[in-house]
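Dear colleague,

My notes on it follow directly after.

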Amino acid sequence: MSRKNQKAPWEPEEEIIWVSKTEMKRDMIDIQKLGEELVALTPNALAKIPLEEELMDSIKDAQRFKNEARRRQLQYIGKVMKHIDLDPIQAALDKLRNKHSQHTVALKKLEQKRDRLIENGDSMINAIMVDHPDADRQHLRQLTRQANKEKANNKPAKAYREIFQYLKELYLEN
């Protein structure tokens, strides 16, 4: 006598994937953390992220709430996010974070350029003029001399900061 529930040998068996309760909770916590990151964003940054209308409304509500209401709203955001594709949202958040780090790297490079300008003087001014022909050579020379005098006389580094601001205008805002 054969079993009633036994499949025929030619039928493929379905593979059942078991997910533990702990793993499900971990995934939900990760989704809630992603929701918290979204709530912490400014409206301009939030506009750059592809969000469904319901999720966008609930995020805006959470930004207005405080204490317990905010905690419950964050849980609701996690529940909403559980049913949507999170890859585009995560990619947009990563892109926003990367822009911040790229800006920081650019500022560090400008600081190095300023330091080389003060050390090398005219040769560095010529290199800057090659990159930006519209730059004011005389102003750069004047600021460089002032920075060297301030450094020699142990005075506050006003020209040092002005050089950085001028380079920032030249390189980052153009």
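The expected span of a helix is taken as 1.5 Å times one less than its number of residues. Please bear in mind that the model is a predicted one.

I applied that rule to helix H7, which runs over residues 137-152. With 16 residues, H7 should span 22 Å, and its end C-alpha atoms lie 23 Å apart, so the two values agree.

The burial pattern of H7 is one-sided. Leu140, Leu143, Thr144, Ala147 and Glu150 are buried. These residues cover an arc of only 130° around the axis, and therefore sit on the same side of H7. Lys149 and Ala152, on the other side of H7, are exposed. Among the elements that cover the buried residues of H7 are H5, helix H6 (122-131) and helix H8 (158-171). After H7 comes Asn154, which has a positive phi, near 55°.

I also examined the nonpolar cores. The largest has 21 residues, and within this core Leu38, Leu51 and Leu55 touch the most other members. At least two residues of this core come from each of helix H1 (21-40), helix H2 (43-47), helix H3 (53-64), helix H4 (67-81) and helix H5 (87-120). Leaving aside residues up to four places away in sequence, Leu38 is in contact with Leu46, Ile49, Leu51, Ile59, Gln63, Met81, Ile89 and Leu93. There is also a second, separate core, made up of 17 residues, including Ile125, Ile128, Ala135 and Leu170.

With kind regards

Note on methods
Residues are numbered from 1 along each chain as its sequence is written. This is a predicted model: local features need pLDDT of at least 70, side-chain atom pairs count only at pLDDT 80 or more; totals for chains, interfaces and linings use all residues. Side-chain values use heavy atoms; hydrogens and water are left out. A nonpolar core is a set of buried Ala, Val, Leu, Ile, Met, Phe, Trp, Tyr and Cys residues joined through side-chain atoms within 4.5 Å. Buried means under 20% relative accessible area, exposed over 50%, partly exposed in between (1.4 Å probe, protein chains only). Helices (H or I, at least four residues) and strands (E, at least two) are DSSP runs, numbered from the N terminus. Contact means heavy atoms within 4.5 Å. The arc is that of the directions from the helix axis to the C-beta atoms.
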